[in-house]
Amino acid sequence: MSTETIEVTGHIVDSLLLAKILDTILDAGCDYEIEDVHIGKTSLDPSTARIAVIGDEAKLDQLLDELQVHGANRTHQHDVHLVPVEQDGVLPAGFYSTTNLAADVRVDGTWRPVENPEMDCALIVADGRAYTAPMHKVRAGEQVVVGSDGVRVHAPSHARDTQVFEFMASEVSSEKPKALLVTQVADRMRAARRRGGRVLVVAGPAVVHTGGATDLARLVTEGWVDLLFAGNGFATHDIEADVLGTSLGVSVAEGKPTEGGHANHLRVINEVRRHGSIAAAVEAGYVTGGVMHACVRAGVPFVLGGSVRDDGPLPDVITDTVAAADALRDQLGGMEVALMLASTLHAIAAGNCLPAGVETFCVDINQAVLTKLADRGSHQALGIVTDVGPFVGQLTNELLRDA
Amino acid sequence: MTAGDLRWGRRILMCPPRHFGVLYEINPWMSSEVKVDADRAQSQWGRLVATLQAAGAEVVEMAARPEVPDLVFTANAGLVNGDQFVPSHFRHAERQPETEVNAAWFAAAGWRVDRLPEDLDHEGAGDALPFTPEGGHTVLLSGYSFRSDARAATALADLLGCPVRPIQLVDPRLYHLDLTFCPLDGRRALVAPLGWDGYGRKVVEALVPEPLVLSDEETLAFCANSVVVGTTVVMPAAPLRVARQLEAWGFDVVECPVDEFLKAGGGCRCLTLALDVALSA
C-alpha cells in the first residue's frame with residue numbers, strides 16, 4: 001500500500017468537486033484521509049483540502065492521473081534535500097527522522113525504496129540507494145535526507161490477508177480466548193516459515209520463572225526460532241534452572257525457595273565466566289539443557305544485551321548497549337515474525353529496530369507493558385495479556401503437534 | 001423577474017470570417033475534407049451581425065488575420081470582467097497563436113490584461129459563462145476536461161474576484177461549456193445535461209431555478225450555443241418545443257443559420273464575445 005498526498009483548492013464545495021474527488025478515490029478501490037480542510041466562509045472565498053490517498057501502488061498512479069484532471073495535484077513532487085554529514089555520529093540539523101513503515105525517497109525524479117525501514121533513524125542516500133542508519137553510525141561525508149520533501153511513507157499493508165488484519169487490529173487482547181490466539185500465532189509462524197521468513201524470539205526472565213524454558217528450548221531445537229534476543233537475566237536463570245533446578249533461587253519444579261538460593265544465579269554466572277562463554281560451558285558439559293543450551297546445540301544465533309543492573313554478567317553479554325543494538329540489527333534480515341515473551345526493555349529495543357511489516361506478538365501478564373510497546377510506535381504489535389509460561393507451552397504443543 | 005433582465009450581451013465583439021476555413025481537426029465536428037463555402041460563411045456571419053444589431057446590440061469588429069482562422073470564434077478570446085480581460089490559454093497548438101492577438105487587441109482598446117498561470121489551459125467565454133440568480137451573486141460556471149483545466153477555475157476566481165464553479169464536460173462533441181449552457185435571465189437558462197457528469201448536473205440544478213432542459217437532439221443541434229440580447233434569443237436552430245417555451249417566458253426567438261461555422265463545431269454564441277460582462281460587480 002502507498003500513500004500520496006493531494007491538494008485541491010477553489011470553489012470545490014459548491015462545484016461538488018471535493019465530493020467528486022472523494023467518490024472517485026473510493027470508486028477506484030482506494031481509500032483517503034482528509035489531512036486538512038479549510039472551507040471558505042462565503043461563497044466568494046475559496047476552500048482548500050489536503051487529502052492523503054491510500055491504495056495499491058498500481059491503482060494509485062492511475063487514480064492520481066485521473067484526479068489531476070479534476071484539479072487535484074500531488075503535493076510531494078520534489079526530490080529529497082540532501083545534506084552531507086560533517087562530523088561522525090552527528091546528523092545535520094533538520095534531519096528526516098524515520099518511521100518503521102516502508103518508505104520511498106525521490107532522487108533525481110525517481111522514487112527509490114528504503115532498503116531497511118527502521119524507526120528513529122536517518123535516511124542516507126548513496127549510489128542511488130536509500131537506507132536507514134541510526135545516528136551513531138553515520139560518517140562524515142554521507143548524504144542525509146533533511147526535511148520531509150521527497151519522502152513518501154507507505155501505509156501499513158493490510159493486504160496480505162484480511163483475516164490477519166482483523167486479528168491484528170485488536171491490539172491488546174486481555175478479553176480474548178487464549179487458545180484461539182495461540183492457534184493464530186502458530187498459524188502466522190507457519191505461514192512465515194512457508195514463505196522462507198525468519199522468526200525472532202525476545203525472551204525475559206519470567207519465561208524461566210514461570211516454567212516456559214523447557215518448551216521454548218524444544219521450539220529452538222525443532223527449528224522454530226531463528227534468532228534469540230535476551231538479556232543477562234534470561235540467560236542466567238535459564239542456565240541456573242538447568243544446572244541447579246532453580247530460577248532466582250526458587251525451585252522451578254516445586255515453586256519453593258531453596259536454602260541459599262538467592263546466590264544461585266551468581267554461582268552459575270561465575271562458572272560460565274570460568275568456561276569463557278556459554279558455548280564453552282555447553283561443550284564442557286556444565287550446561288546440559290535449557291534454551292541457551294538448545295541455541296548452542298542447534299546453531300541458533302543469540303544476542304544478549306546487557307543493562308546497568310546486571311550481575312556478572314555472563315561472558316556472552318554485550319555490555320555496550322549501542323553495540324548490542326547493532327548486533328541485533330545485523331541479524332534482522334528476513335525477519336517476518338517476532339515473539340516478545342515477557343520482556344520489556346529488550347522487547348522495546350527489538351521493536352525499535354524492526355520494520356513495521358514484521359508481525360509482532362507481545363505476551364505479558366501486565367497489560368501496561370504491551371501498551372507501552374505500542375506507544376513507542378510499534379503499532380504492528382498484537383498484545384496478548386496472559387501468563388507467559390503456559391502460553392509458550394500451548395504454542396509449543398500447537399507447533400509441534402504434527403511433528 | 002422578467003425576460004430580458006440579463007445585464008450583459010448588449011456590446012459584442014465579433015471577427016469577420018475573411019480567413020475562416022476548416023484547416024485542422026481539433027473537435028469531432030471538424031473534418032478537413034469538408035470545404036467551407038467562404039461566400040456563404042461571409043453572408044451568414046453578416047446576417048448574424050445584422051440580427052444582433054436589430055435586437056439592440058452594438059457589434060464591435062476585430063480584424064481577421066490569415067494565420068489564425070479560428071479568430072472568428074471570438075467567444076474563445078478570453079474572459080471580460082468590467083475593464084479587465086483575461087486572455088485564453090488554448091490547449092491545441094493550432095489555436096495558441098490567438099492568445100497574443102487577443103491580448104494585444106484588448107490592451108489597445110483600453111482593457112487591463114491579466115494573465116492565467118502559464119501551465120493552465122482555459123478557453124475563455126467558450127468554457128465559462130456567468131449566471132446571476134435573482135438577488136444573488138454572480139457565479140461563473142466553467143467547463144473542464146476537453147479544452148480547459150479544472151485548476152484554471154481556481155486561478156480565474158483569484159483573478160476575477162468571483163466564485164467559479166468548475167463542472168466536468170464528458171461528451172467530446174460538446175467540448176466547450178457554451179454548447180451546453182446558455183443563461184437567459186436571473187431564473188432561466190438553456191441547459192444540456194448530455195454534456196455533463198452527474199456532479200455537474202447537480203451543480204447546475206442548484207444554480208438555475210427554472211432550466212429549459214434540452215433533449216440530446218436539441219443539444220446536438222447547438223441550441224444552447226445561442227446569443228441573448230435583452231429579450232431576443234438568437235439561435236443557430238430553434239426547434240418548435242424550445243421556441244414555444246422561450247416565447248411563453250416572454251422571449252423573441254430568431255433562428256439564424258450558421259451551418260458553415262457548424263462545420264468547425266461553432267454556432268452563434270461561438271462567434272460572439274460579450275464585452276459588457278461585469279462579474280465582480
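This is a predicted model: local features need pLDDT of at least 70, side-chain atom pairs count only at pLDDT 80 or more; totals for chains, interfaces and linings use all residues.

In what sense do strand S1 (residues 2-10) and strand S3 (residues 47-55) of chain A pair, and over how many bridges?

Modeller: Happy to. S1(A) and S3(A) pair in the antiparallel sense, over nine bridges; two strands pair if DSSP finds at least two bridges between them. Within this pairing, Glu7(A) faces Arg50(A) of S3(A). S3(A) also pairs with strand S2 (residues 31-38) of chain A, again antiparallel, and here there are seven bridges. Residues are numbered from 1 along each chain as its sequence is written, while chains are lettered from A and ligands numbered from 1 in the order in which they are written.

Now for the setting of those strands. Chain A has 14 helices and 19 strands; these are DSSP runs, H or I of at least four residues for helices and E of at least two for strands, numbered from the N terminus. When contacts in chain A between residues at least 6 apart in sequence are counted, 65% join residues at least 24 apart; a contact has C-beta atoms, placed from the backbone, within 7 Å.

Helix H6 (residues 213-221) of chain A is also worth a visit, since it is mostly covered, with seven of its nine residues buried. Among them are Ala213(A), Asp215(A), Leu216(A) and Val220(A). The cover includes strand S12 (198-203), helix H5 (206-209), helix H7 (232-244), helix H10 (291-298) and helix H14 (388-400) of chain A. The axes of H6(A) and H14(A) come within 8 Å and cross at roughly 30°; axes are fitted to C-alpha atoms, for helices over the stretch in contact, with angles from 0 to 180 degrees between N-to-C directions. The two helices are therefore roughly parallel (under 35 degrees; over 145 is roughly antiparallel, 65 to 115 roughly perpendicular, the rest oblique). On the H6(A) side, Asp215(A), Leu216(A), Arg218(A) and Leu219(A) take part, and they meet residues of H14(A) including Val392(A), Gly393(A) and Thr396(A). After H6(A) comes Gly223(A), with a positive phi near 85°.

Finally, the partner chain. Chain B has a mean pLDDT of 94, and 99% of its residues reach 70 or more; the model scores ipTM 0.80 and pTM 0.58. The contact takes 15 residues from chain A and 16 residues from chain B. On the chain B side, helix H3 (150-160), strand S8 (164-168) and helix H4 (198-207) each give two or more residues, and H3(B) gives the most, with five.

Notes. Two residues are in contact if their C-beta atoms, placed from the backbone, lie within 7 Å. A residue is buried if 20 or more other C-beta atoms lie within 10 Å of its own, exposed if 12 or fewer, and partly exposed in between; C-beta atoms are placed from the backbone. pLDDT is the predictor's confidence in each residue, from 0 to 100.
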